[in-house]
Amino acid sequence: MVRIKARELMETHGTNSPIEIAAQRNIVVLVEDLGKHTWGYYTLTNRIPCIHINSRLDPDDALFAAAHELGHHVLHPGINTPFLRSNTLLSVDKIERQANRFAVHLLAGENEPEPGETKSQFLIRCGIHEMFHIFY
Ligand SMILES: [Zn+2]
């Protein structure tokens, strides 16, 4: 279900870049210093959706955070997600799991593992941090 949502979104927007999809959907993306433990969060204020990304993340993780928050926008409309701390990224919370699954499938995009490539090697090639591989 989440995987299908990610696929539909890629088809609609012609890209798997969460930044580009956000731009096309008029979602504001703010990169700001959120401290050491927060990757990002999503807000909907006065009907203006906004993705907040921690400027301290390396580029791959920042992209993952953007994809995760975009997942909340698509899957959980109207919910303001709380600050997403690095330890809650792996939360058993259903909406967090769904957003992580969405992000993994969005960032993997149309790519498939090469013959002989492990799932882990494949997902690293897609820029996805090892801690999220369980969501593929
Ligand atoms: Zn989240």
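**View 1. Helix H1 against helix H4.** Helix H1 (residues 2-13) and helix H4 (residues 94-108) have axes that come within 9 Å and cross at roughly 45 degrees, the axes being lines fitted to C-alpha atoms over the stretch in contact, with angles running from 0 to 180 degrees between N-to-C directions. That angle makes H1 oblique to H4, since angles under 35 degrees count as roughly parallel, over 145 as roughly antiparallel, 65 to 115 as roughly perpendicular and the rest as oblique. Helices here are DSSP runs (H or I, at least four residues) numbered from the N terminus. The model is predicted, so local features need pLDDT of at least 70 and side-chain atom pairs count only at pLDDT 80 or more, whereas totals for chains, interfaces and linings use all residues. Residues are numbered from 1 along each chain as its sequence is written, and side-chain values use heavy atoms, with hydrogens and water left out.

**View 2. Residues at the H1 and H4 contact.** From H1, Val2, Arg3, Lys5, Ala6, Leu9 and Met10 meet Gln98, Arg101, Phe102, His105 and Leu106 of H4, where contact means heavy atoms within 4.5 Å. By class, this contact has 6 nonpolar, 2 polar and 3 charged residues (Ala, Val, Leu, Ile, Met, Phe, Trp, Tyr, Cys and Pro count as nonpolar, Asp, Glu, Lys and Arg as charged, and the others, Gly among them, as polar).

View 3. His105, which lies in helix H4, is buried, with a relative accessible area of 8% (buried means under 20%, exposed over 50% and partly exposed in between, with a 1.4 Å probe and protein chains only). Not counting residues up to four places away in sequence, His105 touches Arg3, Ala6 and Met10, as well as Phe135 and Tyr136.

**View 4. Aromatic pairs.** The structure holds 3 aromatic pairs, a pair being rings of Phe, Tyr and Trp (its six-membered ring) whose centres lie within 6.5 Å, with planes under 30 degrees apart counted as stacked, over 60 as edge-to-face and the rest as tilted. Phe64 and Phe132 form a stacked pair, 3.8 Å centre to centre with 10 degrees between the planes. This pair links distant parts of the chain, 68 residues apart, with Phe64 in helix H3 (residues 59-75) and Phe132 in the segment after helix H5 (119-125). Both Phe64 and Phe132 are buried. Phe122 and Tyr136 form an edge-to-face pair, 5.8 Å centre to centre with 65 degrees between the planes. Phe122 is buried, with a relative accessible area of 0%, whereas Tyr136 counts as partly exposed at 27%.

Methods. Helices (H or I, at least four residues) and strands (E, at least two) are DSSP runs, numbered from the N terminus.
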